[in-house]
Amino acid sequence: MAEGILGKTTIWRNARLATLDPAREGLGEIDHGAVIARDGKILFAGAEADLPATAAADTIDCEGRWITPGLIDCHTHLVHAGNRAHEFELRLNGATYEEVARAGGGIVSSVRSLRAASEADLVSQTLPRLDALMAEGVTTVEVKSGYGLDLENEAKSLKAARALAGVRPVSVRTTFLGAHALPPEANGDKDGYIAKVADEMLPAIHAAGLADAVDGFCEGIAFSPDQIARVFDRARALGMPVKLHADQLSDLDGAALAARYGALSADHLEYTSDAGAAAMANAGTVAVILPGAYYFIRETKKPPIESFRRHGVAMAIATDNNPGTSPLTSLLLTMNMSATLFHMTVEECIAGVTRNAARALSLQTETGTLEPGKWADLAIWDIERPAELVYRMGFNPLWKRVWHGQ
């Protein structure tokens, strides 16, 4: 898609702004505000009384509506094939995860479906999920691989994710998650598979320019800290930033591992210790909170939100859209769940899908706040106060979505 219309200037006036500018208090609110964009970038975001003179501009009267930065879903597995609704039904009827897996379900089912799908199939199946996010003001989305689990199919998944930005006005960041699970053909050999991820798959993915970051799943049912470290060592040698699925089901010091590698983010974090939170704060690693998976798998251990607050860890929020544990395609509902389940504040929730989500993707200089020089990614809302974005369930107050000034 075009990155803004060359030379075009647009003014959104008569608006209330939640700039998320860290130099301002709270949400950085401006009651009588305006935004000017040219060539897809913000020139001005501030009080309408301070508007600079601008010639030949398209002017849009927002009639008192609120403008926030476009929303950012910073953790998804959006590209996948098929669904696992049948497994969900089995579990509702009393089947255990182990029983479902023995019957050919679980992640093996998703791997089988993705390997059988073409790149075009993956794009067409993913678009409805992406459209649902965009309809709620999402302008940037991260997409992980992790259901191919061999070079050919991991690359296919990442190519499909990249292709989404060619058919929709949205920014896409891709993450290589080869260290997600053990493929069936590995026959239980985790070390052997990790060696293949680190020594063969990751260098090839990097050489092809298919991934912006590298992720791994550090958990008893997935890979150990030492195994993840082998992947991260190779990522570091290649100059690629890392992220980590950490401490979701147990405390393996995943948060500290992520911090040791200067990870952009550590995600899930239900079992993260206070020491792990402190390590993340020192490293500047963002905590990505994922209430969809917590809710869907009926988890009871909540992430240590108060510990993150005390240590000053930036918190982002994301859908974790995936077919097995979080088939969630609403970032608005994700905010509500973060507030009701984890007692996050309105300010934390909105910052979590804008400013801090941008940090989790290393995009803080490009998007996530309404500041001059950043992309004109806007969400314009029919609301009376920002709390409505967190308060409502199943209601979408989006009036206009603007990506790169369009």
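The model is predicted, so local features need pLDDT of at least 70 and side-chain atom pairs count only at pLDDT 80 or more, while totals for chains, interfaces and linings use all residues. Residues are numbered from 1 along each chain as its sequence is written, and side-chain values use heavy atoms, with hydrogens and water left out.

**Cysteines**
- The count of disulfides comes to 0, where a disulfide is a pair of cysteine sulfur atoms within 2.5 Å.
- Cys 74 is in no disulfide, and the nearest cysteine sulfur, which belongs to Cys 349, is 13 Å away.
- Cys 62 also counts as buried, because its relative accessibility is 0%.

**Helices α5 and α6**
- Helices here are DSSP runs (H or I, at least four residues) and strands are runs of E (at least two), numbered from the N terminus.
- The axes of α5 (residues 151-167) and α6 (residues 190-207) come within 10 Å and cross at roughly 30°, with axes fitted to C-alpha atoms over the stretch in contact and angles running from 0 to 180 degrees between N-to-C directions.
- Leu 151, Glu 154, Ala 155 and Leu 158 of α5 meet Met 201, Ala 204 and Ile 205 of α6 in this contact, which means heavy atoms within 4.5 Å.

**Helix α7**
- Among the buried residues of α7 are Ile 228, Val 231 and Phe 232.
- The buried residues of α7 pack against β8 (171-179), α6, β9 (213-218), β10 (243-246) and α8 (254-260).
- Just after α7, Gly 239 has a positive phi of about 75°.

Definitions and conventions: Buried means under 20% relative accessible area, exposed over 50%, partly exposed in between (1.4 Å probe, protein chains only).
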